[in-house]
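Q: Can you walk me through this protein? Keep it short, please.
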Amino acid sequence: MNAHASGDDDKDSVARSHARANDAKPRRHVLVVGVGSIGERHLRCFLETGRVQASFFDANSSLTSQIAARYPHARPLPSLTAAEEAGVTAAVIATPAPHHVALATQLAKAGIHVLIEKPLAVSLVGVEALQEAVRLRNVVAGVAYVYRSHPALASMRSAIISGQLGRPVEVVAVAGQHFPTYRPTYQETYYASHASGGGAVQDALTHVINASEWLVGPVTRLAADAARLVLEGVEVEDTVHVIARHGDVLASYSLNQHQSPNETTISVICERGVARFEFHASRWRMMLAPGDDWIDSVYEVGRDELFIRQANAFLDAIESHTAPPCSLAEGIATLRVNRAILQGVQDGAWHSLA
């Protein structure tokens, strides 16, 4: 059975709601820090909301000129310290991961709300200082785990929380893609080193882990294995296996970055049924009894829609001063999982997470 969720109708309704809000409120000034491929996407998608005036800063002057030419409505800033003088009230941090925490702390201390690209960091150094700055200045801080903005995943989560499938008991997640096809220059980017946020764990599996934590709660213990099996020109892992517990929920994760199919599935097996999110098909499926047909909820999701939804959700969180889709605390929890997986690969031991 197919239930085609009205992605376009839903999108139009959200757009109309935001348009009405825009009539009564001045546009928020949002700064994008770092305008490489992901930063440019954030800039484009925040502009697409129609709710902001945008600025950007990048230390690469050549890139700054290119982005300024492509986005004439976005203003380049000469330095990060110019943000306050320019009236910036919110920022997206899309620099390489090792710089995320320091930049976010600097901006939070200035009273600027922050949305930080994933992974939050490559270590826990400075995380407590960031939390303290966020608390003292009472700013909204979130991590850009964009799966949480997928309407199919959100709908599936609501069904699980409602209890209609019973208690979750197991998560089975399987994902893979041919990385060189989608990131042909991967050998020359952050991906080539763990220290810069690279490898399959920090680049890709972290999305799946974070989504699963949103569905069934935080990871509490895990064991892991990983290796570079196929990708050439790097030493980081391209294949990862993790077994874990989310409290009483058992979980297994398998991900590689060299297979031909570009597929991601997250199945949550419950006492009275199964819910399955299929990112590649933009749908979630439910089966309530053996022999039943899948009940499908399918969503039309355009190339930038998840990032536009994420931008709107972050702006909404600022206006209502509530948590964004992935709070800073939840981003830190997933960072701890990343670190535990990488450590577990090295020592072969089980790791517990508080």
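Predicted model: local features only at pLDDT ≥ 70, side-chain atom pairs only at ≥ 80, totals over all residues.

Q: Okay. How many helices and strands does the protein chain have?
A: The protein chain has 11 helices and 16 strands.

Q: And what radius of gyration does the protein chain have?
A: The value is 20 Å. A compact globule of 354 residues would have a radius of gyration near 20 Å, so the chain agrees with that.

Q: What box do the C-alpha atoms fill?
A: Roughly 60 × 45 × 40 Å, along the principal axes.

Q: How much of the chain is buried?
A: Buried residues make up 51% of the 354 residues.

Q: Now contacts. Take residues at least 6 apart in sequence: what share of their contacts join residues at least 24 apart?
A: That share is 70% in the protein chain.

Q: Switching to charges. How many positive and negative side chains are there?
A: There are 30 positive and 36 negative side chains. The centres of the two sets lie 5 Å apart.

Q: Let's zoom in on N256. Where does N256 lie?
A: N256 lies in strand 11, which covers residues 249–256.

Q: Is N256 buried or exposed?
A: Buried. N256 has 12% relative accessibility, and buried means under 20%, so N256 counts as buried.

Q: Which residues does N256 touch?
A: Leaving out residues up to four places away in sequence, N256 touches A175, G176, Q177, D238 and T239.

How values were computed: Residues numbered from 1 in each chain as written. Heavy atoms only, no water. Helix = DSSP H or I, 4+ residues; strand = E, 2+ residues; numbered from the N terminus. Rg over C-alpha atoms; globule rule 2.2 N^0.38 Å. Buried < 20%, exposed > 50% of the residue type's maximum accessible area, 1.4 Å probe, protein only. Contact = heavy atoms within 4.5 Å. Lys, Arg positive; Asp, Glu negative; His and termini not counted. Charge placed at Lys NZ, Arg CZ, Asp CG, Glu CD.
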